[in-house]
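Hi,

Here's the structure I promised to pass on.

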Amino acid sequence: MNPIIQVEHFSKRYGDFTAVEDISFTVDEGSIFAFLGPNGAGKSTTINTLCTILDKTEGTLTINGHDVSRERGLVRKDIGIVFQDSTLDAQMTVEENLKYHCAFYKVPKNEVRERIAFALDLVELAQWRRAAVGSLSGGMKRRAEIARGLVHDPKVLFLDEPTTGLDPQTRANVWEYIQRLQKQKNMTIFLTTHYMDEAEVCSQVVIMDHGKIVAHDTPENLKHQYTGTEVDVTCAQTEPLESALQERDVPYRKDKNKLMFHTKKASAALEILSAHRGEIMDFEVKSGTLNEVFLAITGKEIRE
Amino acid sequence: MNPITAIVQRNLLNYIRSKGRVFGALFMSMFMLVMFSFLMKSSMSGLDAPMPYLISGVIIMSVFQVSVNNSSDILTDISSGYMKEVLVASIARTQISMGHILSGAVIATLQGVITMICGIVLGLRVGVLQIVLLAAVMLVSAMTFSAVGLFLATVSRNSPAFQTISSMIMMPLTFVSGAYIPTTMIPGFLLPIVYLNPLTYTTSIFRYIALGAHTLTTQELTAQGMAFSIGGFVITPLMGLAITILIGAFFFVLCVRKFDRADFSTIKIATGMRGGGAAARR
């Protein structure tokens with residue numbers, strides 16, 4: 001796959017405060033890429049620099065082969081953005097917001113109507129198209145904003161914490177739209193989030209902390225690398241299994257007739273479990289979460 | 001739709017939708033016209049036609065005030081976040097500036113035309129051709145004023161600061177422009193300010209057309225405060241128009257540069273970076 005976003009040695013400083021320090025990464029075309037990290041980690045700074053709103057201090061950033069500092073006009077054409085805070089035009093209707101957006105991005109006149117209809121259908125706002133944006137609920141505004149961000153068919157769609165501040169139901173819906181979008185349009189999606197479950201469905205995850213990249217991999221690899229699999233086994237008799245664990249130097253915890261231990265991979269537990277199949281009444285295998293990954297890497301919870 | 005057309009259309013719609021504002025603005029310009037025309041009448045003694053002279057001044061000043069004040073609309077766009085949508089779009093910065101300047105100018109001109117109609121009722125005598133020419137001058141000057149206002153707005157960055165800065169600049173300039181008090185009656189020590197004031201020249205070209213003064217000689221124009229002799233060099237009303245356009249072009253370039261600076265919308269970003277620390281350090 002072709003890298004559509006390339007960032008090399010990017011730094012951004014405000015006076016003597018360093019928001020982002022020497023980060024490098026690439027994003028493949030057609031993938032969903034997540035920037036994960038607590039508030040203030042430098043996620044928004046990076047996204048705003050990629051979106052040509054902020055100027056870099058150092059480094060090279062390109063989108064679709066265009067330099068974000070020197071070829072801003074070309075970069076702007078290729079990207080769509082949903083900012084952290086609303087940038088909708090509150091006095092205008094949903095349709096007007098999209099219409100002016102099309103004008104700004106020079107969408108061919110004969111396609112405007114069709115594209116607006118498609119985008120509004122995708123986020124299920126078609127029936128609200130004549131409503132003033134200011135009168136919509138938070139979730140609907142977010143959806144309107146996503147529809148606007150994609151109506152000009154950007155190559156890359158940036159979503160800066162697209163689901164922050166939404167109720168769980170709306171959050172799930174918005175997330176569903178994002179995934180549907182990526183599938184239907186094969187768009188590259190670059191998002192920042194501090195919700196771990198959102199990052200799990202991405203193809204690549206970058207974890208940032210204090211302006212630096214502390215990990216970059218697929219969610220699966222990160223989980224394998226930084227967390228193990230927890231196995232909880234309920235036995236009729238715990239002794240045989242306990243001695244088997246002691247033999248293998250696997251630390252475990254015991255709670256009545258329940259044994260809990262960690263393995264690197266779920267498959268590693270299989271051998272012990274099958275050897276003691278007779279004594280096992282029940283078992284549960286829990287794979288690690290990105291939350292644990294974050295905890296393992298930074299030593300703190302992501303939600304502060 | 002062309003991006004400039006889109007911005008103009010959007011701004012005009014936005015203006016029309018805030019009905020209170022439309023009404024307030026119209027009321028203000030009529031109020032100003034009536035109040036000033038009667039209050040300042042006595043200061044116009046010694047002129048051939050004091051009322052038309054004064055009315056024409058009041059009309060162009062109302063265009064000036066409306067243009068500058070409407071430029072603060074962009075501050076609403078900045079604080080609502082909408083400006084970011086415009087700034088990240090693939091629109092040339094010249095088009096963004098032009099869109100905002102044009103929309104402000106169109107609104108100011110429309111109000112100016114309405115004020116002019118009231119002025120006609122109050123005794124300003126103008127023909128159809130004059131009305132067309134006056135509207136054209138209003139549009140051109142309003143574009144200059146909007147460019148100035150837009151620049152002030154982007155510099156001041158928030159509404160209270162803009163209000164303070166704009167009234168600090170607008171009030172004195174209005175009073176030494178010859179619009180309310182003929183420049184011929186302004187004390188000599190203030191004359192350098194009068195000559196440096198761009199409004200002086202805008203007022204002179206507007207009044208020149210409104211009073212049908214093209215039949216007057218340069219000397220007569222100077223005596224009536226529509227042409228200015230500075231150290232022997234005479235600035236005619238038409239040169240005044242050129243000066244107005246030049247000032248407009250200058251501020252247009254400043255606005256484009258302001259929009260071109262990538263970090264322009266940091267106000268919103270800074271507040272968005274809740275834990276960033278950058279906001280606190282700015």
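How many helices and strands does chain B have? Chain B has 14 helices and two strands; helices (H or I, at least four residues) and strands (E, at least two) are DSSP runs, numbered from the N terminus.

Before going on, some housekeeping. This is a predicted model, so local features need pLDDT of at least 70 and side-chain atom pairs count only at pLDDT 80 or more, while totals for chains, interfaces and linings use all residues. Residues are numbered from 1 along each chain as its sequence is written, with chains lettered from A and ligands numbered from 1 in the order in which they are written.

Back to chain B. The C-alpha trace of chain B spans about 65 × 40 × 35 Å along its principal axes. Buried residues (20 or more other C-beta atoms within 10 Å of their own, with C-beta atoms placed from the backbone) make up 48% of the 282 in chain B.

One helix there I looked at in detail is α8 of chain B (residues 159–175).

Now chain A. The domain assignment (automatic or from a database) gives domain 1 (3–218) and domain 2 (228–287). The C-alpha centres of these two domains of chain A lie 44 Å apart.

Chain A also has an open sheet of four strands, in the order β12-β13-β11-β14, with antiparallel pairing; two strands pair if DSSP finds at least two bridges between them. β12 (252–255) and β14 (280–286) of chain A are at the edges with a single partner strand each, so one side of each has no neighbour in the sheet. Four bridges join β12(A) to the antiparallel β13(A) (residues 258–263), and A:Y252 stands opposite A:F261 in β13(A).

Helix α9 (residues 239–247) of chain A packs on the sheet, touching β11 (229–235), β12 and β13 of chain A; contact means C-beta atoms, placed from the backbone, within 7 Å.

Cheers

Key: Two residues are in contact if their C-beta atoms, placed from the backbone, lie within 7 Å. Axes are lines fitted to C-alpha atoms, for helices over the stretch in contact, and angles run from 0 to 180 degrees between N-to-C directions. The expected span of a helix is 1.5 Å times one less than its number of residues. A residue is buried if 20 or more other C-beta atoms lie within 10 Å of its own, exposed if 12 or fewer, and partly exposed in between; C-beta atoms are placed from the backbone.
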